[in-house]
Amino acid sequence: MPNRLELPEQEWRRVSPKLMISELIGTVVFWGLGIVAGFVLLSFEWEWAIWLVVGAAACFVVNAALTSRRVRAYGYQLREDDLVFRRGIMFLRIVAVPYGRMQLVDITRGPLSRALGLSELKFVTAAASTAVTIPGLLEHDAEELRDHLVRVAESRRAGL
Amino acid sequence: MTDLPQGTPEHGTPAAQPAVSPTAVSLTDGEWHRMHPASPLLKGGIALIAILGVVIANLRERLFSIFLPEFSAEGDPVDYVLDNGYIGFALLALAIFLVVLIGAFYVSWRMHSFRITNEVVEVRSGILFRTNRKARLDRIQGINIVRPFFARLFGAAKLEVNQAGADANVQLSYLGSAAADDLRREVLRLASGARDPGASAADSASPAGHLIERRVTELLAPELDPNAAPPESIVKISVLRLIGSIVLSGTTVALLLAIAGAVVSVVVWRNFGLLFTLVPAIIGFGSYYVNRFTKSLRYSIAGTPDGVRVGFGLLSISNETLPPGRIHSVLVSQPLLWRATGWWEIKVNRASQSSVKGASGQANTTIMPVGDRGDVMRVLALLLPKLTDDEMVALLESGMTAKGAPGDGFTNSPKRAAWLRWFSWQRNGFAITPDAVLLRKGAIWRELIVVPNPRVQSVSVSQGPLYRACGLASVHLHTVSGPISAQLGAVDQDTAVDFFRTVAEVTIRAVAADTSHRWRSGEAAT
């Protein structure tokens with residue numbers, strides 16, 4: 001089997017392992033709701049709902065099992081002139097964005113990630129398809145990264 | 001009115017009418033100027049015509065009875081007014097209405113002003129709700145002069161300064177036709193960063209002659225300012241070719257399929273109800289064809305020192321200038337049905353969205369609706385002036401038509417991708433040059449995508465489970481959104497990583513060297 005897509009000499013900076021907790025809770029809530037809905041339907045004597053329960057449970061197990069790998073698959077790298085970001089294990093995607101292309105940086109915190117002290121950083125360019133969103137950064141790191149990005153973008157400012 | 005600045009020289013003297021002055025130099029002096037006096041009428045024109053239409057429709061019976069007394073009408077408002085002796089009130093109401101209307105028009109004209117400095121173009125408008133919009137000149141994505149048919153009768157035109165983003169245009173509506181042309185030239189000169197005003201500020205000789213004669217000339221001439229652009233378009237689309245291209249489009253295939261389906265269903269299942277549901281569809285198709293046809297009539301494209309100028313339209317004309325470096329990617333494509341005739345279509349991605357729809361109803365992204373290979377080469381030379389040497393032209397040619405072979409300038413997909421790209425795997429590839437990235441795709445629907453390096457926003461490489469199993473990957477160049485998505489699938493994995501690295505480096509270098517936001521600043525310094 002051919003080896004996976006990789007940029008060999010890259011040393012990836014990983015996101016906080018605490019992201020696993022919030023991802024797991026998200027998985028539990030989402031598929032848990034599916035399982036609960038299945039049981040509710042079962043209580044109305046809808047026999048086929050057993051398959052809903054089984055399916056949701058299977059999805060839950062697979063998702064939960066892959067959570068740690070998925071979180072470890074997130075990575076970013078601050079190179080000389082651009083930001084490189086990777087995510088995904090099954091569907092791997094690596095993006096390189098020159099700093100000068102930055103239009104704005106967003107930091108968002110949901111209630112769950114705030115409880116864990118995590119932030120999500122979004123790097124927005126003029127192209128919607130760039131889609132660089134780094135989840136699971138420690139609050140302090142996210143703010144530092146944002147300030148750094150704004151600073152380097154300012155020194156390499158370019159048009160569209 | 002009190003908020004007009006003190007420095008306005010024509011304050012209180014509306015007779016001066018600076019906006020219709022033929023010399024644009026006075027318009028770009030950084031002072032506030034007003035629009036064409038007919039602007040409120042032109043903007044509210046359709047509503048006014050509708051009101052007039054209603055009034056005339058109501059009066060029609062009255063006119064009949066005046067000229068043909070044997071007809072007698074009952075129950076129309078005019079009768080009512082006459083019968084009850086309200087004629088005085090009616091006339092008074094009409095007079096008040098007219099006075100209010102004219103007053104409102106006058107005030108809105110007085111309150112609508114614009115100014116152009118070396119840095120910005122700024123517009124203020126509105127009576128109760130004031131609007132103030134300012135746009136930086138070095139961020140201009142295009143300048144569009146629109147002449148709706150109604151406005152052309154008044155010799156007026158709308159100048160639109162396009163900025164990146166949705167609803168981000170500054171509209172100067174309306175200006176005198178000649179003033180709009182002068183102003184476009186001046187704004188482009190200021191935006192270009194050229195420091196020599198003498199070169200383009202040469203006084204424009206307004207066409208001499210009687211007013212009516214001038215209007216007629218303006219109505220017939222495709223481009224008002226022969227000094228600023230070569231009068232000859234580099235591509236000519238004959239009416240026959242235009243009709244042919246529309247008839248041979250994919251829409252026709254869809255229409256024929258729909259008709260065939262309907263016929264089959266009627267013959268086989270005796271389902272006549274379906275015929276009625278088909279009627280609106282056919283009307284829709286018809287209006288699409290007519291719309292596309294009239295929008296593409298009198299198409300012209302020409303190069304100017306300040307960018308590419310594209311014009312469309314028969315009755316309502318739109319004429320847009322795209323300065324250098326405002327084109328984010330170019331797609332040259334050939335639908336299957338055009339193969340026999342050798343026609344191609346060119347589309348672009350651009351950051352701005354014009355308020356005027358271009359050919360085929362899209363937001364002015366179709367730069368060339370139809371043309372042969374020579375036309376494509378001429379238009380590409382305009383759109384991508386850096387890609388004109390022989391080697392590049394050969395590369396572009398091979399990108400358009402070649403079947404694909406190893407070592408033809410493109411890095412193509414490996415043989416193991418053949419089961420994913422049945423017909424096109426030999427052709428499916430990319431080429432990286434110092435100025436642009438070329439993606440070549442499709443053997444049945446041939447496509448060539450050219451992305452200038454300084455316009456690449458970011459680059460990505462991705463791989464799903466299927467691609468991983470065959471050691472393939474897909475690459476994607478991100479540009480501003482538009483009809484083109486510069487994506488190439490089924491590339492060899494290691495090649496894709498090389499592509500990713502090379503493009504990331506090349507882009508950074510190109511962006512650093514790019515000066516197209518002030519496209520003539522370089523030559524002014526030398």
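Chain B has 16 helices and 20 strands, where helices (H or I, at least four residues) and strands (E, at least two) are DSSP runs numbered from the N terminus. This is a predicted model, in which local features need pLDDT of at least 70 and side-chain atom pairs count only at pLDDT 80 or more, while totals for chains, interfaces and linings use all residues. Residues are numbered from 1 along each chain as its sequence is written, chains are lettered from A and ligands numbered from 1 in the order in which they are written, and side-chain values use heavy atoms, with hydrogens and water left out.

**Burial and helix α6 of chain B**

- Of the 526 residues in chain B, 47% are buried, a term that stands for under 20% relative accessible area, with exposed meaning over 50% and partly exposed in between (1.4 Å probe, protein chains only).
- Helix α6(B), residues 177-192, is mostly covered, since 15 of its 16 residues are buried.
- The end C-alpha atoms of α6(B) are 23 Å apart, which agrees with the 22 Å that its 16 residues should span at 1.5 Å a residue, the expected span being 1.5 Å times one less than the number of residues.
- After α6(B) comes B:G193, whose phi is positive, near 85 degrees.

**B:D306 and its surroundings**

- B:D306 sits in the loop between β8 and β9 of chain B, and with a relative accessible area of 8% B:D306 is buried.
- The side chain of B:D306 makes a polar contact with the side chain of B:W519 at 3.0 Å; such a contact is a pair of N or O atoms within 3.5 Å, where within protein one must be able to donate a hydrogen and the other to accept it, and residues adjacent in sequence count only if both atoms are side-chain atoms.

**Backbone features**

- Most residues other than glycine have a negative phi, and most peptide bonds are trans.
- The peptide bond from B:S173 to B:Y174 is cis, with omega near -5 degrees, and B:Y174 is found in strand β7 (residues 170-176) of chain B.
- A:E45 has a positive phi near 65 degrees and lies in the loop between α1 (19-43) and α2 (49-73) of chain A, where A:E45 is exposed with a relative accessible area of 66%.
- B:A490 has a positive phi near 55 degrees and belongs to strand β20 (residues 486-492) of chain B, yet B:A490 is buried, with a relative accessible area of 0%.
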